[in-house]
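Please examine the structure shown here before reading the explanation.

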Amino acid sequence: MREEYSKLNRVEMSIWECCELLNDVVDESDPDLDEPQIEHLLQTAEAIRRDYPNEDWLHLTALIHDLGKVLLLPSFGELPQWAVVGDTYPVGCAFDESIVHHKYFKENPDYKNPAYKTECGAYSPGCGLNNVMMSWGHDDYMYLVAKENKTTLPSAALFIIRYHSFYALHKSGAYKHLMNGEDFENLKWLQIFNKYDLYSKSKVRVDVEKVKPYYLSLIEKYFPAKLKW
């Protein structure tokens, strides 16, 4: 999947165009979402903006963190829900019991492979999450898009985009033995972000046109006008 999607040869569009495209996406794993995706993104972003007014990078990160869900659309390969949304986790080492539906890993050939059954498996302690292969999903795709299109967002923003579905880490505290110093710094921001991602899906509607100029200015600050996807 990474090899295929790292070609970034599907479409050229702006971040805001992708936000609008996301309105065609339904994430079946999301338990509390009736309104269009763009409203969830803006609700999350606006809630963070209220509490952290000076961290404009975090406002933009909230807006774009789920854009990788376009993988569900026909023009992006129409991947099945299980390959796009839901929890992500490391492969190449033991599957932690905190991963949702852990019992089904017994049917995964890696589960019985001695090389991957230990706590570190193919990795070494403190190697850094950047060196750990994660299961594929919308997180890693958007991280890839942002990085390859030379975003100037800080390291913590890319960490949030890449690992916000890694619940075994930020909710259960698993896999910390693989983290390095920068990961621990960035995890603090992911845990702040996650409080808003899960609980900001309020019934208060966001006036998209009213807040749009602010977010367009952030997009212009941190991204090129058109991105390869």
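The model considered here is predicted. Two packed helices are described by the angle between their axes and the distance between the axes. Helix H5 spans residues 138-148 and helix H6 spans residues 155-163. Their axes lie 6 Å apart and form an angle of about 150 degrees. Angles over 145 degrees count as roughly antiparallel, and H5 and H6 are therefore roughly antiparallel to each other. Which residues of H5 and H6 make the contact? On the side of H5, the contact is made by Asp 139, Asp 140, Met 142, Tyr 143 and Ala 146. On the side of H6, Leu 158, Ile 161, Arg 162 and Tyr 163 take part. Sorted by class, this contact of H5 with H6 comprises six nonpolar and three charged residues, with no polar residues.

The aromatic rings form the next topic. A search of the whole structure finds 14 aromatic pairs. A pair of aromatic rings is described by the distance of the centres and the angle of the planes. One of the pairs joins Phe 166 and Tyr 175, with 5.7 Å from centre to centre and 50 degrees between the planes. Are the two partners buried or exposed? Buried means under 20% relative accessible area. Phe 166 has a relative accessibility of 0% and therefore counts as buried. Tyr 175 has a relative accessible area of 4%, so Tyr 175 is buried as well.

Elsewhere, Tyr 5, Phe 76, Trp 136 and Tyr 141 form one aromatic cluster. A ring may also have a charge over it: the charged end of Arg 49 sits over the ring of Tyr 214, 3.7 Å from the ring centre.

His 101 has a phi near 55 degrees, a positive value in a residue other than glycine. His 101 belongs to the loop between helix H4 (56-64) and H5. Lys 150, likewise not a glycine, has a positive phi near 60 degrees, and Lys 150 lies in the loop between H5 and H6. Exposed means over 50% relative accessible area. With 57%, His 101 is therefore exposed, and Lys 150, at 63%, counts as exposed too.

Notes. Residues numbered from 1 in each chain as written. Predicted model: local features only at pLDDT ≥ 70, side-chain atom pairs only at ≥ 80, totals over all residues. Heavy atoms only, no water. Axes fitted to C-alpha atoms, helices over the stretch in contact; angles between N-to-C directions. Helix = DSSP H or I, 4+ residues; strand = E, 2+ residues; numbered from the N terminus. Parallel < 35°, antiparallel > 145°, perpendicular 65-115°, else oblique. Contact = heavy atoms within 4.5 Å. Nonpolar A, V, L, I, M, F, W, Y, C, P; charged D, E, K, R; others polar. Phe/Tyr/Trp six-rings, centres within 6.5 Å; stacked < 30°, edge-to-face > 60°. Buried < 20%, exposed > 50% of the residue type's maximum accessible area, 1.4 Å probe, protein only. Lys NZ or Arg CZ within 6 Å of the ring centre and 35° of its normal.
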